[in-house]
Amino acid sequence: MWQEVAYELNVTTNWPEYSKLTDNFVVFVEWEAMDIMNGDLHASIPASKLELLQLEDLAPKI
C-alpha cells in the first residue's frame with residue numbers, strides 16, 4: 001500500500017512548487033529487502049519521472 005501512496009504522490013504533486021532546491025524530488029518507500037537494481041523503484045516512482053532521474057544519474061539505469 002505504501003508504494004501506491006508514494007506513486008500517487010509522485011504522479012499528482014508538482015514538487016518544485018513546494019521546494020526550489022531541485023526539480024528532481026520524488027517520494028519512494030524504502031524497506032530492508034528493497035532491490036533497486038531489479039526494479040523496486042517502479043512501484044513508487046512513475047516511469048517518466050524515473051527516466052528523468054536516470055538521465056541525471058540520480059537513479060540506477062536498469
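The protein chain exposes about 4,700 Å², an area that comes from the Shrake-Rupley method with a 1.4 Å probe, with only the protein chains shown counting as cover for residues. Carbon and sulfur atoms supply 57% of that surface. The model is predicted, so to speak of local features takes a pLDDT of at least 70, side-chain atom pairs count only at pLDDT 80 or more, and totals for chains, interfaces and linings use all residues. Residues are numbered from 1 along each chain as its sequence is written, and side-chain values use heavy atoms, with hydrogens and water left out.

The protein chain has 2 helices and 0 strands (DSSP runs numbered from the N terminus: H or I of at least four residues for helices, E of at least two for strands). Buried residues make up 26% of its 62 residues (buried is under 20% relative accessible area, exposed over 50%, partly exposed in between, with a 1.4 Å probe and protein chains only).

Now to Gln54, which sits in helix α2, residues 47-55. Gln54 is buried, its relative accessible area being 14%. Setting aside neighbours within four places in sequence, Gln54 is in contact with Ala59, Pro60, Lys61 and Ile62 (contact means heavy atoms within 4.5 Å). A polar atom of the Gln54 side chain lies 2.9 Å from the backbone oxygen of Pro60.

Lys61 turns up again in the 1 salt bridge found in a search of the whole structure (a side-chain nitrogen of Lys or Arg within 4 Å of a carboxyl oxygen of Asp or Glu). Its partner is Asp57, with the closest N and O atoms 2.9 Å apart. Both Asp57 and Lys61 are exposed.

Methods. Polar contact = N/O pair within 3.5 Å; in protein donor to acceptor, adjacent residues only side chain to side chain.
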